[in-house]
Amino acid sequence: MAENGVRTPDLSQAVLLDELLGHRDGSTVRAPVASLAAQIDEIKPRFGAVANLLADTGPSRGVGAIWEAGGFRYQEAASGATDHHVTTAGGVKLYAISSGGCICPEQFGTASGGTGNDLALLEAAHDFAQAQKCAILAQGVYGLLTPWEVDSQNVMIRGINPTAHNQPRSGLQKLSGFTGLAALVVADGVNGITIEHFYVNGGDYAEPDGPGGYEAGHGIWLGKCSYATLREVQTQNHAGYGIVFNGCWILRTYGLTVRWNGTETDNTSGGIWWRNQDRENNNQEHFGLFCVGNSGRDLYADDGGEAQLRANAIHVFGGQIESSLADCEIEAGTLFDFHGTQFTATEEAPDPAFKLGDDDAANGVIVRFIGCYFAHNSTGPGFALATASNLKQLEITGCTWTRGTSSKFLDASGTPRANNDGDFPIINITGGWVAADQFSDPNQVVAVNGGNGVNAGYEPGTAGGFIRFDSREYDVPAQIVVNRSGGAGVNRIMEVGDGTDLDRVTLQNLRLSIEKLTAAPANPGQGDVALADRLTWDPKAIGSGGPYLVWWNGSAWKLLSEQ
């Protein structure tokens, strides 16, 4: 050491520094120290794909050495390690390294692209994410012959969000011969799971945008979990239901698409099943729900069987429910809301398209449609609501109903509700607009509050519907418009049941609009009211003047003033 205390390097140290810093060519300018890391990095083993890494027969680079393959990074483990993730053909053991807080199934082996069984890769990624508290990034399509079960808390499964229609998606693909409950099963008791941009297909992946395949089981099964979030998730082509909520609490979905599921015509398959067998579903919000092309039930909420449970506080905002080969059924549910949702029944749709309640269920049903749109194709049977005895309250606020000969209220068996059914629920229609012939059955029971009113059009030769108040209080001013649009007389425009408290019923702006007839109705019913034009049809032979009202007493037309 020099007298000034500065240590001077010996020859061997100086040679080493020259080698590291690039002064080996005799130049007087040394390479920057910053290039040291780059020079060392060049020594690191790199492979174009994970398959090449696993096939490598080269020697160890030393414990802690960094290996790279297919854009992924690994760290070399000790030769005696037992907790390593992959091993090369040369016997080198490696630990996978997460990147950006994510781990990919492809880091644990070669993925099949949806043509082979990739369950082992998915399980390895799940175990890594559980231990390291990171997300699972699904970059491709993973084939399954049995379910992938997720049982860890607060896990995130994130796919790649397509930027264009028909762009390859990432997710799960059932293989031919699949057996099990569902492609993706979230175990009971899992909380905080998040699934984003994920696709679960049960059919032929070569045609991801059309029905086909329908492998056994459901698409996604969410067990008794809480605080779950699904964002831009799509499930299709499953023999069972696209997705099953098996007693989920505090759940949110955004852009959930469920289509082309179900191989049966009953409630054993379809789009979405709120299963309440062991624990009821509670406090769910679904934003932009798209459910279309399913067979059996598009939406189904059961009554819990012997447990008699129900779905509580289920809210659907926006989206579209298109019943083509399926219908919707809510056997038991409290505060089941639909806000701004479009319901469409196509020509293949069953009648009714929406069943509310179940005569065998003990728990009641309260359903609200707010700002919704009900429609059907021009050749279809219309959109019908069937109501069972346990339906306690139905509210329709600000909705639009388009013309449809079958759009009416039915009982659980599909027949019109009886006029004297004392158990009939509150049905409130507030605001909005109901087009002609929506309520054209003589046994219909409807209460109307405010808004543009109800156009209860009457088809020629039919008896027509009526407005009924029965055993309930209606303290909202009503504006009711009843139009006759055919050759039949108007029968029972309004009826008040014996149990109704008239002091609590307020009717304002009641208007009756009846087209004048130029000929007598063909088959008038007793009590029918008709407007004779007097010019070509003058049943009372009054002579000159304007139209006048008459009623049919069973054998003759009488003036309204006549008994």
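Q: What percentage of the 563 residues of the chain count as buried?
A: The model is predicted. A residue is called buried if its relative accessible area is under 20%. Of the 563 residues in this chain, the share that counts as buried is 52%.

Q: How many helices and how many strands are there in the chain?
A: Helices and strands are both present in the chain. The helices number four, and the strands number 47.

Q: How many residues apart in sequence are the parts that the pair of Trp 274 and Phe 336 ties together?
A: Trp 274 belongs to strand β19, residues 270-275, whereas Phe 336 belongs to strand β26, residues 333-339. The pair therefore ties together parts whose separation in sequence is 62 residues.

Q: Is Phe 336 buried or exposed?
A: Buried residues have under 20% relative accessible area. The relative accessibility of Phe 336 is 0%, so Phe 336 counts as buried.

Q: Over the ring of which residue does the charged end of Arg 61 sit?
A: A charge sits over a ring only if it is within 6 Å of the ring centre, among other conditions. The charged end of Arg 61 is 4.8 Å from the centre of the ring in question, which belongs to Trp 67.

Methods: Residues numbered from 1 in each chain as written. Predicted model: local features only at pLDDT ≥ 70, side-chain atom pairs only at ≥ 80, totals over all residues. Heavy atoms only, no water. Helix = DSSP H or I, 4+ residues; strand = E, 2+ residues; numbered from the N terminus. Buried < 20%, exposed > 50% of the residue type's maximum accessible area, 1.4 Å probe, protein only. Lys NZ or Arg CZ within 6 Å of the ring centre and 35° of its normal.
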